[in-house]
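This briefing covers a structure with its sequence. The points are grouped by topic.

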Amino acid sequence: MKRISLLLMCLFLVMAWLSGCATFETEKKAVPYRLTAQGTVVWEDEFEFLPPPPDWKLLRVEEEGGDINFGFTRSDPGGFPSMTSFAYDEEPFGCSTKFEDREKEFFKRFLFNAILDFRILEKRKAQALGGESLEVVVEGKDPVKKEKVRAKVVFGKRAERIVGFYITQWRPIDGTYDLSAFEVFDKFVKSFKFLKKSFYETL
Amino acid sequence: MEGHERNLYLYERFNARVLGVTRDDVITLKYWAKNLDLTFPILSNITSFLGVSVDAQVEGRAIFSRRTIIIDKTGIIRYVRDGSPNFRDILLFLKKLNQEGRLDPTTGGKP
């Protein structure tokens, strides 16, 4: 029988933590990537992927604890809030290592601050990162602000942990979605490869 | 807190256990833990003696500052960091402690 130690790790927290979330950086940092002759990007010698067209700008989310979290964004034609962003997330919301459970946990907090009425448009098993994945397409509407968002989330596996990709496309409530952006996202996800073991696999 | 929940299997590997401590009441914590699907214990310390004992009590306010503390099996505080937890740092520290034998109850804290 495995013996468990007496180690206690105590965490003192403030309730403000409950609403804590990542924030977008305001300062430009050196971007640790290089382009390959094949037209792919190698990021920190850890990931390789097909970048989106040049009209997409790089988006980095502030790192807490070293987890990697980056993506791309672009402004779309039309009135506010027309824009599209997609990202790779090493630690998507939730804790479970099972896709179905993680999906439920994830959508409790995804775009939580926007307070939207979400509905699932499509959910299916697929392939990503060399294994099984789960794809979920949702649409959220805010009838008060008269905004809507279409999002696609792809849950994949990196060893025993779940990682995520997501794209969000915001529009005025009567706006039209540009599904070509979702094709760019799909190419990004399909091309995404791990070039080395994750931090957690090396422990 | 989700980060700790995700890392429970690694804490287990390093013979570590995690506890949350807050000044919030039990009902709030139950709701919060359920909402975030947390499975490790979170202690309600309304009277704040735990926070005072590790200097995490914010003066004049009914909250603890955000602080991560690692205590080894002999009761010695080995790690203190303020602010959001740096999970990679925590895991590396626990791995090191475990390798030193400080977390193994069968060795009495000796390697």
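Which strands of chain A does helix α1 (residues 99–109) lie across? Helix α1 of chain A lies across β8, β9, β10 and β11 (161–172) of chain A, running at about 145° to β10(A). This is a predicted model, in which local features need pLDDT of at least 70, side-chain atom pairs count only at pLDDT 80 or more, and totals for chains, interfaces and linings use all residues. Residues are numbered from 1 along each chain as its sequence is written, while chains are lettered from A and ligands numbered from 1 in the order in which they are written.

**Confidence**
- The model has an ipTM of 0.81 and a pTM of 0.81.
- Chain B averages a pLDDT (confidence in each residue, from 0 to 100) of 90, and 91% of its residues score at least 70.

**Sheet of chain A**
- An open, antiparallel sheet has seven strands (DSSP E runs of at least two residues) in the order β5-β6-β7-β11-β10-β9-β8; strands pair if DSSP finds at least two bridges between them.
- β5 (57–60) and β8 (117–128) of chain A are at the edges with a single partner strand each, so one side of each lacks a neighbour in the sheet.
- From one strand to the next, the twist averages 15°; axes are lines fitted to C-alpha atoms, for helices over the stretch in contact, with angles from 0 to 180 degrees between N-to-C directions.
- Strands β9 (residues 131–142) and β10 (residues 147–158) of chain A run antiparallel, joined by nine bridges.
- A:Gly140 has A:Val149 in β10(A) as its bridge partner.

Notes
pLDDT = per-residue confidence, 0-100. Helix = DSSP H or I, 4+ residues; strand = E, 2+ residues; numbered from the N terminus. Contact = placed C-beta atoms within 7 Å.
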